[in-house]
Amino acid sequence: MQTWLESGAAAFQLLVMLGLGWLIVFLVAELVERRVGGKRRRKGSAGTILGWLWDYSNMIGIPTLLLGAAYLIWSMTWGPGLSSGPTMLIVLLMTVAGFLIGFGPGLRRGG
């Protein structure tokens, strides 16, 4: 029974990572399409979300990096270690936060 639960948890973590990866690719494609000036589409919910995300990029990215670093330190010292748990998901989110901090301010509207 324990192996079934571990397999289910691993499958769920994989689905979450795939979903986040798909979302990142979708957002980058929307951004590139807007920057290159491809098809002119009306500004919908994706444009509103991206605009809000660029406006608050540092306020979102910096705490995400700090919380991720705190989790990694906890996991290495007192927790289960880096080979188990949601470590890869945390590292993925920290990578996205780093990109958000690095590229977000340059992509703001009007800047």
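In which helix do Y71 and W74 both lie, and how many residues apart are they? Please describe that helix and then place it in its surroundings.

Modeller: The model is a predicted one. Y71 and W74 both lie in helix α3, which runs over residues 57-77, and they are three residues apart, about one turn of the helix. An α-helix has 3.6 residues a turn, so residues three or four places apart point the same way.

The two side chains can then be considered as a pair of rings. A search of the whole structure finds one aromatic pair. That pair is formed by Y71 and W74, and it is tilted, with 5.8 Å from centre to centre and 40 degrees between the planes. The angle counts as tilted because planes under 30 degrees apart would be stacked and planes over 60 degrees apart would be edge-to-face. The two partners fall into separate classes of accessibility. Y71 has a relative accessibility of 17%, and therefore counts as buried, the cut-off for that class being under 20%. W74, at 40% relative accessibility, counts as partly exposed.

Helix α3 has 21 residues, and from its first C-alpha to its last it reaches 30 Å, close to the 30 Å expected at 1.5 Å a residue. Its buried residues are S57, G61, G68, Y71, L72 and S75. These residues lie on the same side of α3, because they cover an arc of only 100 degrees around the axis. The face turned away from this buried side carries the exposed residues M59, L66 and L67. Another residue of α3 is I62, which counts as partly exposed at 40% relative accessibility.

L100 is one of the buried residues of α4, along with T87, L89, I90, M94 and A97. They cover an arc of only 155 degrees around the axis, so they are on the same side of α4. The face of α4 turned away from its buried side carries the exposed residues F99, G102 and F103. Helix α4 comprises the 17 residues 87-103, which should span 24 Å at 1.5 Å a residue; its end C-alpha atoms are 24 Å apart, in agreement with that value.

Both helices belong to a chain with four helices and zero strands. Along the sequence, the pattern is α-α-α-α. Of the 111 residues of the protein chain, 20% count as buried.

The C-alpha atoms of L31 and L50 are separated by 8.1 Å, while the residues are 19 residues apart along the chain. W4 also has its place in α1, which covers residues 2-36. W4 has a relative accessible area of 67% and is therefore exposed, the cut-off for that class being over 50%. Together with M1 and L5, W4 forms a nonpolar patch on the surface, with about 460 Å² of accessible area together.

To return to the part requested, Y71 is among the buried residues of α3, and W74 is its partner in the tilted aromatic pair.

Conventions:
Residues numbered from 1 in each chain as written. Predicted model: local features only at pLDDT ≥ 70, side-chain atom pairs only at ≥ 80, totals over all residues. Heavy atoms only, no water. Patch = residues over 30% accessible without salt bridge, like charges linked within 9 Å, V, L, I, M, F, W, Y side chains within 5 Å. Areas by Shrake-Rupley, 256 points an atom, 1.4 Å probe, with all protein chains shown as cover. Salt bridge = Lys/Arg side-chain N within 4 Å of Asp/Glu carboxyl O. Helix = DSSP H or I, 4+ residues; strand = E, 2+ residues; numbered from the N terminus. Buried < 20%, exposed > 50% of the residue type's maximum accessible area, 1.4 Å probe, protein only. Expected span 1.5 Å × (residues − 1). Arc of directions from axis to C-beta. Phe/Tyr/Trp six-rings, centres within 6.5 Å; stacked < 30°, edge-to-face > 60°.
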